[in-house]
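Here is a quick briefing to read alongside the structure. It begins with the chain as a whole and then turns to one pair of helices.

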Amino acid sequence: CYNLLFTHTDYGQEGFGDAFRKWPSLDSVMGELSGTFYLLIALAMVPEVLKVHGDMEVDAKISKDTCLQISCFSANYRQLTRGQLGISLNQIHWLRNYTAGKLFRIGRFEYMLRPFRGTLTVYRHRDDGTVLALAPDGACYDEDGYEVDNDMETKWKASFKDGNEFVSGYPISPSGRAIDSEVRLKKNEWKCVLKNGDTTLDMHIPSGGGMTLSKCRDSMVNATSFFRKYFPTEPFNNITCFSWTFNPQLQTLEFSSDNLARFQRELYLYTGKGPGQEGLWYIFFQEPFDAQTAPRDTSLQRAVADFILAGNTWRNGAMFFLTEDLQKFGTGYYHTKFPVDKLGLEKV
């Protein structure tokens, strides 16, 4: 198992860890301790990470914090199994990113460089710095402006055209909702700053630790500096993340902490296709998810379960933030500068 996970990295490359999910359960021979076998395999990550980071001369605190992911995954397993020790086979494959020297925890969040997976296109006004995202060509949206892949939910379809002098498309507001109103941008006034395939600083959110604005800002600022120092041949101008954490629907729910809502309002949000079932795993740690029987131990779990039981569809979420704007973090820049009047749009 150790060799398949950390040495033969061609194993299980396809299917985002499906091969590891098929590893056998050891419940019949180890009972409640069955998860400890795979946890011991996972712990072998630590000396591997320390060696890689030592060769790179990475700060010891970053190395220590990066290795804390073992604790985070183990905490997830405890919730999934109601108190047992171990690690979920849904997550064990992810440890390869740390031993490869690609994924680092810097403050509150983790980051790695990779091609941007989003299909929207982002523009910045050359004079006043306004940022505007345009929806992908052919993307379908419901009446609330959330992207869908279900024909039954589709209310309208976006288009995108990139011509010699103009770009035309349908805006996505920083609140994550697309607007059914086509706009036309002059290329000599707007420049493209993010598109599919561009290098991005991909953010990941380990469990625990709180998400105050100061922690979020410090992490993003320090991560930008870190990756520009250690990976100078891979320039980037943005931070992105695909996570249930950035589902715009969270803005409509009431739960005990408003840190997440505050963080969302500093970012440029958008939604992905279809229901966000993966995100529900991280909220409830229930397999399979059932809103009727899902745990209701936290205010977030209660709010999301009630939202789904009321007949609503839970969405996938995502965000981007341009590193050029890090000094504006805390001002709600994208929301306050959204060019409603300039483009003749109604507020969303």
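Predicted model: local features only at pLDDT ≥ 70, side-chain atom pairs only at ≥ 80, totals over all residues.

**Overall build**
- You will find 14 helices and 16 strands in the secondary structure of the chain.
- Taken along the principal axes, the C-alpha atoms fill a box of roughly 65 × 50 × 35 Å.
- The radius of gyration of the chain is 21 Å, which agrees with a compact globule, because a globule of 348 residues would have a value near 20 Å.

**Burial and contacts**
- Of the 348 residues in the chain, 51% are buried.
- Among contacts with a separation of 6 or more, 69% are between residues 24 or more positions apart.

**Helix 11 and helix 12**
- Helix 11 covers residues 277-284 and helix 12 covers residues 299-309.
- The axes of these two helices come within 10 Å and cross at roughly 145°.
- The crossing of helix 11 with helix 12 is left-handed.
- On the helix 11 side, the contact is made by Leu 280, Ile 283 and Phe 284.
- Their partners in helix 12 are Leu 300, Gln 301, Val 304, Ala 305 and Ile 308.
- Sorted by class, this contact of helix 11 with helix 12 has seven nonpolar residues, one polar residue and no charged residues.

Note on methods: Residues numbered from 1 in each chain as written. Heavy atoms only, no water. Axes fitted to C-alpha atoms, helices over the stretch in contact; angles between N-to-C directions. Helix = DSSP H or I, 4+ residues; strand = E, 2+ residues; numbered from the N terminus. Left-handed = near helix turned anticlockwise from the far one by under 90°. Contact = heavy atoms within 4.5 Å. Nonpolar A, V, L, I, M, F, W, Y, C, P; charged D, E, K, R; others polar. Rg over C-alpha atoms; globule rule 2.2 N^0.38 Å. Buried < 20%, exposed > 50% of the residue type's maximum accessible area, 1.4 Å probe, protein only.
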